[in-house]
Amino acid sequence: MRSESNLKLVTGQKAQGVGQQGPEEYSFTWPGKQAAVAAAGEPARSVLVPVSVDPPGSRDARHMFIEGDNLEALKLLRETHCSAVKMIYIDPPYNARREFVYADNFGDRWAWLSVMYPRLAVAWELLRDDGVIFVSIDDHEVHHLRMIMNEIFGEDNFVAQIVWQSRQSVQNDTDISVSHEYITVYAKNRRRSDRRLKGANASRWNSVPGFAAYPLPLDPRRFSNPDGDPRGPWKADPFDAPNIRPNLTYPIVNPTTGVEHWPPPGRCWRQNEASFRELLADGRIVFGRTGTAGPQMKVFYREKEAFGKVENTWFDGARHGTAARGTREIQELFDGRAVFDSPKPTALIRSLLRIATRGEDIVLDFFAGSCTTAHAVLNQNREDGGGRRCMCIQAPEPTSASSTARQMGYNTIAEIGLERIRRVIDRMTSAGADPGALAFQVLRLKDRAE
């Protein structure tokens with residue numbers, strides 16, 4: 001459920017100041033908000049018309065590409081996919097350089113809000129109860145995005161604000177080089193308990209209501225077996241834990257040096273003294289690499305592999321890709337030419353897919369652009385054997401008359417995205433992938449009155 005503390009819609013109401021009668025109220029509004037809220041509830045004026053299937057001749061296409069206005073398309077999907085989508089990723093225009101075209105009288109900032117609000121509201125309806133939405137954004141509108149998402153999704157369903165290192169080089173023509181963007185994350189229903197998969201909850205973790213991120217695979221390179229332990233590779237974890245607890249505070253004597261060790265200030269040991277002695281007898285306690293330090297506990301790879309490790313909110317460029325890598329990827333597909341400005345790298349989207357999806361989950365991108373999300377879904381399915389289904393929506397926005405894309409014959413952004421999907425499928429089928437698992441049904445919006 002959406003939070004009861006959602007921001008109150010008060011258009012044009014002035015807050016009462018100190019010494020004035022009436023309570024003070026905080027509201028987030030803008031000229032045109034009432035129309036934006038109403039737009040989300042209006043019925044679609046269009047229908048979806050099948051155009052083709054790629055590769056040609058494929059049956060039962062698992063994926064979908066829709067050409068047309070994304071709000072209209074979302075309303076139609078609401079009729080067929082309400083509460084069915086596991087993950088949404090969008091990379092909307094950032095409203096940084098007057099790039100968002102909208103017919104109103106309020107200026108670009110208010111137009112951006114009025115465009116985003118109804119689309120996010122319908123997106124909320126499409127998500128499963130355990131679904132999640134990731135929104136790429138930068139400093140220009142991140143604060144406004146958070147406010148409208150708090151209102152639509154509820155503040156209690158905020159998951160995280162990921163900081164993505166979009167560039168690793170330094171921009172030398174300014175005073176402070178901006179190296180990051182954000183990915184704002186909200187759940188349809190944020191899980192309230194058992195977010196971390198561990199031995200104590202493993203039997204029920206997948207059935208607990210609400211969204212929780214899947215753990216990442218453990219890196220076996222962090223484990224080794226210098227002492228030939230028959231239980232296999234291990235790593236040494238600290239034996240101390242937060243807080244001070246008398247029953248967990250006692251001296252531990254290093255058997256090699258005879259030195260007495262106590263927990264660091266403000267901390268205690270992880271186990272009581274009896275449990276420590278059992279662990280010591282079981283060969284699970286080490287005293288540093290040379291045997292002369294304080295106590296540490298062996299953690300074995302085979303015992304922890306099923307529970308993985310926790311992702312964090314710093315997405316460095318080396319692991320998750322940069323904007324430059326995204327450009328190189330599209331150049332590799334389009335004969336060395338960059339037909340789309342600032343595409344996201346597939347590594348970034350695949351990182352989100354790993355923590356949010358499994359099996360045949362549905363993934364939606366309604367600002368599809370060059371279709372990086374579709375590319376990432378196909379790649380991730382091939383890597384882990386998943387059957388994720390991808391739905392992309394892209395309006396037929398004209399490409400610039402002087403652009404590389406127009407010179408190559410692509411008149412709209414939708415044409416670029418669809419051609420990218422085709423080229424990715426061709427590469428994968430040439431490498432032995434099953435065409436049936438890659439096929440996209442292509443549909444186009446048509447006005448009901450036509």
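This is a predicted model: local features need pLDDT of at least 70, side-chain atom pairs count only at pLDDT 80 or more; totals for chains, interfaces and linings use all residues.
Residues are numbered from 1 along each chain as its sequence is written, and side-chain values use heavy atoms, with hydrogens and water left out.

Student: How many helices and strands are there in the protein?
Tutor: Helices (H or I, at least four residues) and strands (E, at least two) are DSSP runs, numbered from the N terminus. Counted in this way, the protein has twelve helices and 17 strands.

Student: What percentage of the residues of the protein count as buried?
Tutor: Buried means under 20% relative accessible area, exposed means over 50%, and partly exposed lies in between (1.4 Å probe, protein chains only). Of the 450 residues, the buried share is 49%.

Student: What share of the contacts with a separation of 6 or more comes from residues 24 or more positions apart?
Tutor: Contact means heavy atoms within 4.5 Å. Among contacts in the protein with a separation of 6 or more, residues 24 or more positions apart account for 72%.

Student: How many residues of helix 9 are buried?
Tutor: Helix 9 covers residues 346–356 and is mostly covered. Its buried residues include Thr346, Leu348, Arg350 and Ile355.

Student: Which orientation do helix 9 and helix 10 have to each other?
Tutor: Two packed helices are described by the angle between their axes and the distance between the axes. Axes are lines fitted to C-alpha atoms, for helices over the stretch in contact, and angles run from 0 to 180 degrees between N-to-C directions. The axes of helix 9 and helix 10 come within 9 Å and cross at roughly 60°. Angles under 35 degrees count as roughly parallel, over 145 as roughly antiparallel, 65 to 115 as roughly perpendicular and the rest as oblique, so helix 9 and helix 10 are oblique.

Student: How many charged residues are in the contact of helix 9 with helix 10?
Tutor: Thr346, Ile349, Arg350, Leu353 and Arg354 of helix 9 meet residues of helix 10 that include Thr372, His375 and Glu383. Ala, Val, Leu, Ile, Met, Phe, Trp, Tyr, Cys and Pro count as nonpolar, Asp, Glu, Lys and Arg as charged, and the others, Gly among them, as polar. The contact has four nonpolar and six polar residues, and the charged residues number three.

Student: Which orientation does helix 10 have to helix 12?
Tutor: Helix 10 (residues 372–384) and helix 12 (residues 413–430) pack with their axes 9 Å apart, at an angle of about 20°. That angle makes the pair roughly parallel.

Student: How many nonpolar residues are in the contact of helix 10 with helix 12?
Tutor: Helix 10 contributes residues including Ala374, Leu378 and Arg382, and helix 12 contributes residues including Ile421, Val424 and Met428. The contact holds three polar and two charged residues, and its nonpolar residues number six.

Student: Where is histidine 180, and how does its accessibility class it?
Tutor: Histidine 180 is in strand 6 (residues 180–187). Leaving aside neighbours within four places in sequence, histidine 180 is in contact with Asp139, Val163, Trp164, Gln165 and Ser166. Because its relative accessibility is 24%, histidine 180 counts as partly exposed.

Student: What is the class of aspartate 156 by relative accessibility?
Tutor: Aspartate 156 is in the loop between helix 4 (142–153) and strand 5 (158–165). Its relative accessibility is 48%, so aspartate 156 counts as partly exposed.
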